[in-house]
Amino acid sequence: MSYVGVGVSPGNVPVYHGTDLRAVDRKVRLVELILRSVTCVLALASVLLITTDSQVQEIFTIKKKAKFTDMKSLVFLVVVNGMAAAYSLVQVLRCGLSMVRGSVLLSKPLAWLILSGDQLLSYMMLAALGAALQSSIFAKFSEPELDWMKLCDMYGKFCKQSGEGIASSVVACLSMVIVSGLSAFGLFRLYGGNKGTKISAGW
């Protein structure tokens, strides 16, 4: 009686060697490292694009400067993206260290902690992104019922750069959502039934 990646004990009970599972774990960890790096870089790029964005417009001899602090939704987005960049950097270092040390699986408490952090950050990024997108739509297309002007017609450069920052945030958010799925996979895998599998646990 034979199985792929499975040995046979004297009592004819399958014993998993874990070789294939270890290879899968390493690939998952590599994908996680890449996605977390993408989240970190794009979240930081979004922060830089939005915070450095400004435009001065003269209206009836009065100069008015548009900046990201004028839109509270952009301030919220900057704060959340800053948190995402910092958190992702810490997780990138953790993933890199675990790959160097050869550790693949996490301990259950650490896996729960990482999943909770990933889920919380994903929800915060989605909320901040939704608020920023709504404000951007109003700025671009106005709201006639409320007599709101098309601000982007007046501050074209400001809207363009802010839009680039929001676009970076969209990709960072999608990457974070995928990472949350990988974290859930990593956690629930620890509760699997392959008791015979032996893979080092750690960071």
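What is the handedness of the crossing of H3 and H5? In this predicted model, the crossing of H3 and H5 is left-handed. The two elements involved are H3, formed by residues 108-141, and H5, formed by residues 156-189. Their axes are 9 Å apart and pack at an angle of about 155°, which makes H3 roughly antiparallel to H5. The residues that form the contact of H3 with H5 comprise 19 nonpolar, six polar and two charged ones.

The overall architecture provides the setting for this helix pair. The protein chain contains five helices and four strands, and their order along the sequence is β-β-α-β-β-α-α-α-α. The chain has 203 residues, of which 38% count as buried. Among contacts in the protein chain with a separation of 6 or more, 79% are accounted for by residues 24 or more positions apart.

H3 also packs against H2, the helix of residues 72-101. The axes of H2 and H3 come within 9 Å and cross at roughly 150°. Angles over 145 degrees count as roughly antiparallel, and H2 and H3 are therefore roughly antiparallel to each other. The passage of H2 across H3 is a left-handed crossing. On the H2 side, the residues in contact include Ser73, Leu74, Phe76, Leu77, Val80 and Asn81, together with Met83, Ala84, Tyr87, Gln91 and Arg94. The H3 side contributes, among others, Ile114, Gly117, Asp118, Leu121, Met124 and Met125, and also Ala127, Ala128, Leu129, Ala131, Ala132 and Ser135. Sorted by class, the residues of the contact of H2 with H3 are 16 nonpolar, five polar and two charged.

A further contact links H2 with H5. Here the axes come within 11 Å and cross at roughly 40°. An angle under 35 degrees would count as roughly parallel; H2 and H5 are therefore oblique to each other. H2 passes H5 in a left-handed crossing. From H2, the contact draws on Leu74, Leu77, Asn81, Tyr87 and Ser88, and from H5 on Phe158, Ser162, Ile166, Ser169 and Met176.

Valine 179 lies in helix H5 and is buried, with a relative accessible area of 0%. Apart from neighbours within four places in sequence, valine 179 is in contact with Leu35, Arg36 and Asp118. The C-alpha atom of valine 179 is separated by 9.1 Å from that of leucine 33, although the two residues are 146 positions apart along the chain.

Serine 107 and proline 109 each have a C-alpha separation to leucine 187 on record in the model. Serine 107 is placed in the loop between H2 and H3 and is partly exposed, with a relative accessible area of 33%. Its C-alpha atom is separated from that of leucine 187 by 8.8 Å, and the two residues are 80 positions apart along the chain. Proline 109, in helix H3, has a relative accessibility of 62% and counts as exposed. For proline 109 and leucine 187, which are 78 residues apart along the chain, the C-alpha separation is 9.3 Å.

The helices can also be set against the database annotation. The unreviewed UniProt entry annotates residues 33-52, 73-90, 110-133 and 166-188 as "transmembrane region". In the model, the span of residues 33-52 is 95% helix and 0% strand, and its end C-alpha atoms lie 29 Å apart. The span of residues 166-188 is 100% helix and 0% strand, with end C-alpha atoms 33 Å apart.

Key. Residues are numbered from 1 along each chain as its sequence is written. This is a predicted model: local features need pLDDT of at least 70, side-chain atom pairs count only at pLDDT 80 or more; totals for chains, interfaces and linings use all residues. Side-chain values use heavy atoms; hydrogens and water are left out. Axes are lines fitted to C-alpha atoms, for helices over the stretch in contact, and angles run from 0 to 180 degrees between N-to-C directions. Angles under 35 degrees count as roughly parallel, over 145 as roughly antiparallel, 65 to 115 as roughly perpendicular and the rest as oblique. A crossing is left-handed if the near helix is turned anticlockwise from the far one by less than a right angle, and right-handed if clockwise. Contact means heavy atoms within 4.5 Å. Ala, Val, Leu, Ile, Met, Phe, Trp, Tyr, Cys and Pro count as nonpolar, Asp, Glu, Lys and Arg as charged, and the others, Gly among them, as polar. UniProt positions are given in the numbering used here, feature names are shortened, and annotations may be inferred rather than shown by experiment. Buried means under 20% relative accessible area, exposed over 50%, partly exposed in between (1.4 Å probe, protein chains only).
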